[in-house]
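Reader: Could you take me through some local features of this model, with the criteria behind each term?

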Amino acid sequence: MRQTDTAAWSGILVYIECRQGNVHPVVRELLAEAWRLAGKLGEDVYGVAVGRGLEAVPGQLAGCPLAKLWLYETEDEYNPLHYEKIMEECIEEVRPSVVLIGGTQEGRALAPRLAVAFESGLTADCTSLDIEEDGCLVQIRPAFGGNVMASIVTRHTRPQFATVRQGIMEASCGMPAKAPEILRKCVPPADDSFRILEVEKKEVPGGITDAKLLVVAGRGVKKKEDLEMLEELAELLGGRLASSRALVEKGWMPPQCQIGLSGSTVSPEYMITCGVSGTVQFMAGMRHTKNIVAVNTDPDARIFEIAHYPVCGDLYEIVPEMIKRLKAGKGDELVEIHI
Ligand SMILES: Cc1cc2nc3c(=O)[nH]c(=O)nc-3n(C[C@H](O)[C@H](O)[C@H](O)COP(=O)(O)OP(=O)(O)OC[C@H]3O[C@@H](n4cnc5c(N)ncnc54)[C@H](O)[C@@H]3O)c2cc1C
């Protein structure tokens, strides 16, 4: 199904991921980004939702700049083979130049299947997007272990597929609201070679993605027991403890507490990093944090380039001092800028 007539494809189609009719938060971020990109070319943004209980979906997308919204009501919740078939049909009808999909578990299963079906390019986990005048999507993401930021372009085939994780793009509120034309579609029959028998909801204890404040432990922490001190700081501030991948690899922190490219994307109000250097992979997961306090002994650490409160010093001196002041009710004297 290779499509090489690039001029015959236009607009951006956003996959409106939803579960039981609830739209996933990544969708608004994708729509805001799609609107910014489509605006550069004067093209339209479209949406497609697949699943059960879609009646409430248009209402949840109020305030979004959608020209058309396709709704495919199914009997089952996410089924990769069936959803792929539906999306293929939708893409054939819409003929969008670009398809944006959330970098969620569902999106990560769907996007590669579609890219293979259309024999076109997919860039997973983009950290930034742009578009050229001829409609080529510039998909930017770290590559080669984070040593380069690669700009990837699919020049000769359409559509161009990209996934973006939640929290990477801003869900801008300045989008012009449009009441989309709603197209309710018949669903092609499911292929019963694959059936989901049971869906079990897994509770993730102490999730970091919705925390307002995060204390983040990095390799600068010398012993596993020292994490207790950072846990105490997080508790005193009403936040949670997270970490860089370095401590997950050591087995000191669970994978669900890892921030970064291969961990979670977070955008808390406050973050205190302790002994984190600020590699490109770590920063890919926390770029939209509003206030960053970074504690590091190295004045040249990259984390200081984005920190709002750079504290150049030893975490083993600074963290106990913070705890002491918080316990003494002197939290407002907490941050002294040492750099
Ligand atoms: C494909 C790929 C995906 C990856 N995904 C991720 C990811 O999702 N998340 C992630 O974090 N990493 C990820 N990484 C790993 C990443 O490259 C780094 O190895 C990791 O981010 C380093 O973590 P760190 O900053 O804690 O450690 P380091 O880079 O070793 O930094 C430790 C810092 O602690 C400071 N320090 C030392 N002692 C003290 C002290 N006493 N007080 C204060 N500061 C001190 C040092 O100056 C140093 O800056 C990935 C790598 C690859 C190749």
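Reader: Which residues form a negative surface patch?

Author: This is a predicted model, in which local features need pLDDT of at least 70 and side-chain atom pairs count only at pLDDT 80 or more, while totals for chains, interfaces and linings use all residues. Residues are numbered from 1 along each chain as its sequence is written, and side-chain values use heavy atoms, with hydrogens and water left out. A patch takes residues with over 30% relative accessible area and no salt bridge, like charges being joined within 9 Å, and a salt bridge is a side-chain nitrogen of Lys or Arg within 4 Å of a carboxyl oxygen of Asp or Glu. The negative patch is formed by Glu225, Glu228, Glu231 and Glu235.

Reader: Where is the place of Glu225?

Author: Helices (H or I, at least four residues) and strands (E, at least two) are DSSP runs, numbered from the N terminus. On that basis, Glu225 sits in the loop between strand 13 (213-217) and helix 5 (227-236).

Reader: Which residues does a cis peptide bond join?

Author: Pro159 belongs to the loop between strand 10 (148-152) and strand 11 (160-164). With omega at about -5°, the cis bond joins Arg158 and Pro159.

Reader: Is Arg95 buried, exposed or partly exposed?

Author: Arg95, which is not a glycine, has a positive phi of about 50°, and is found in the loop between helix 3 (80-94) and strand 6 (98-102). Buried means under 20% relative accessible area and exposed over 50%, with partly exposed in between (1.4 Å probe, protein chains only). Because its relative accessibility is 29%, Arg95 counts as partly exposed.

Terms used: Patches are made of residues with over 30% relative accessible area and no salt bridge: like charges are joined within 9 Å, nonpolar side chains (Val, Leu, Ile, Met, Phe, Trp, Tyr) within 5 Å. Accessible areas come from the Shrake-Rupley method with a 1.4 Å probe; for residues, only the protein chains shown count as cover. Lys and Arg count as positive and Asp and Glu as negative; His and the chain ends are not counted. The place of a charge is taken as NZ of Lys, CZ of Arg, CG of Asp or CD of Glu.
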